[in-house]
Amino acid sequence: MKELSRREEIERSIITTFRSRIWAKFLDGVIKYSLVEDGDVIAVCVSGGKDSFLLAKLMQELKKHYTFRFTLHFISMDPGYSEANAKKIQENADLLGVPLEIFHSNIFRVAERKGGDSPCYLCSRMRRGFLYARAKELGCNKIALGHNKSDVIETTLMGMFYGGQLQGMLPKLHAQNFDNMTLIRPMYEVLEDDIVQWKEYNHLSFIACACKKTAMLPEGVQGDSARQTMKALVHAMRKENPDVEASLFKALHNVQIETFPAYNADGRLHFMEKFHEEELRLHQEARGTQLPVEDSSAPAEGQDTAPAVPADPPEQG
C-alpha cells in the first residue's frame, strides 16, 4: 500500500478520525442551511488561524464529494502581519495544499491609529470590507468565513451578559454593502474544541490574531476578554451538563417569541403585542356574544354611563 504524504494524512483524518465530530457536522450545516448551491463561486477567507484553514480543507473535501458544481477561491489578506506570521501562513498553505491568494493592506496601522481604546471592531469591519471587495473582483457570489458553533453560542451569551439583548449569529446572510453577495458560515455546527483536537492530532500550529494588541497574549488566547469569559463559563457549565452546548445551540432554533415582552424586527420595536392582540380578540368576542338585558337599575337616558368594556391602557414605552 502506498504511504500517504503528510497532507494526505491530514485530509484523511477529517473524514475518518473526525468524521462524526467535524465532517458530518460540517455537511449537516451545509445541507440544512443550503449554504452551497450549484453554480456558486465562493471566496473562502483564510485569516491564518486554525478555523479558517480547516474551513479551507473542508471546502476542498466538499468539492471532491459533492454532486453540485461550484468554484472556490482561497483568499487571504495581510493587514500588516510580522514577517514571521506572514511566513507561517504561507508555510501552512503549502503544507495543506491550499492555493492561497494573498493581498496586502495597512489595516493594522489604521486601526491602531483611529480605533482608540477598542481598535478590534474597526479592524474587523475594515478587514471584512477588503475581503468582500476582493471577492467581488473575482466574480464570487458568496464569501465563506470560519465562524464555528462555539462562536455562535458565545456571541449570543455576550449579547445577554454585556449587551442587554438576545442576538444570534446567522448561518448565512446577504451582504449589506455589496449587491448579490452572500456571507456563509459552513462550520456553523462544528465545535471549537473539536477543531482544536483536529489541530493537535495532526501536530499543526497556526497564528492567532497577530496584531500588536494581542501579540503578548498566551498562545491560543485572543484579545476579546468578554469572549474568553464566555468560553470559561460554557466550559464550567459542561462539568454539570455535558450537553450544555447542544442545549444552548438548540435554543437558538427554538425561540418562543410569544413569551418575550418585547422584540425587534424589521427595524421596529414590538412591545407586548401578543397580549394586546389577545385582549382585543377577547373584547370583540365578548361584545359579539353578549345579549342585551333590561336592567331596572340602569340610569335614565341622558345620564353618563361607564363603557361596557374598559379601554386598553396606553402602551408604555
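Predicted model: local features only at pLDDT ≥ 70, side-chain atom pairs only at ≥ 80, totals over all residues.
Student: What makes M169 count as buried?
Tutor: Buried means under 20% relative accessible area, exposed over 50%, and partly exposed in between (1.4 Å probe, protein chains only). M169 has 13% relative accessibility, so it counts as buried. M169 lies in the loop between helix 7 and strand 5. Buried residues make up 39% of the 317 residues in the chain.

Student: Which residues does M169 touch?
Tutor: Contact means heavy atoms within 4.5 Å. Not counting residues up to four places away in sequence, M169 touches H147, D151, V152, T155, R185 and Y188. H147 is 22 residues from M169 along the chain, and their C-alpha atoms are separated by 9.4 Å.

Student: Why are strand 3 and strand 5 said to stand at the edges?
Tutor: An open sheet of 6 strands has the order 3-2-1-4-6-5, with mixed pairing. Strand 3 (100–104) and strand 5 (172–174) each have a single partner strand, so one side of each is left without a neighbour in the sheet. Neighbouring strands of this sheet are turned by 25° against each other on average, direction ignored.

Student: How do you know that strand 4 and strand 6 pair?
Tutor: Two strands pair if DSSP finds at least two bridges between them. Strand 4 (residues 142–144) and strand 6 (residues 182–184) have 3 bridges, in the parallel sense. In strand 6, T182 is the bridge partner of K142.

Student: How many bridges join strand 7 to strand 8?
Tutor: Strand 7 (residues 262–265) and strand 8 (residues 268–271) run antiparallel and are joined by 4 bridges. N264 stands opposite L269 in strand 8. The hairpin of these strands has 2 residues between them, and D266 takes a positive phi near 55°.

Student: Why are helix 3 and helix 8 called roughly perpendicular?
Tutor: Axes are lines fitted to C-alpha atoms, for helices over the stretch in contact, and angles run from 0 to 180 degrees between N-to-C directions. Angles under 35 degrees count as roughly parallel, over 145 as roughly antiparallel, 65 to 115 as roughly perpendicular and the rest as oblique. The axes of helix 3 (residues 50–65) and helix 8 (residues 192–201) come within 10 Å and cross at roughly 80°. The two helices are therefore roughly perpendicular to each other.

Student: Which residues of helix 3 and helix 8 meet?
Tutor: K50, D51 and L54 in helix 3 meet E192, I195, V196, W198 and K199 in helix 8. The residues of this contact divide into 4 nonpolar, no polar and 4 charged. Ala, Val, Leu, Ile, Met, Phe, Trp, Tyr, Cys and Pro count as nonpolar, Asp, Glu, Lys and Arg as charged, and the others, Gly among them, as polar.

Student: How do you know that the buried residues of helix 10 line one face?
Tutor: The buried residues of helix 10 (residues 244–252) are V244, E245 and F249. Seen down the axis of helix 10, they fall within an arc of 130°, so they line one face of the helix. The arc is that of the directions from the helix axis to the C-beta atoms. These residues pack against helix 7 (149–162) and helix 9 (225–240).

Key
Residues numbered from 1 in each chain as written. Heavy atoms only, no water.
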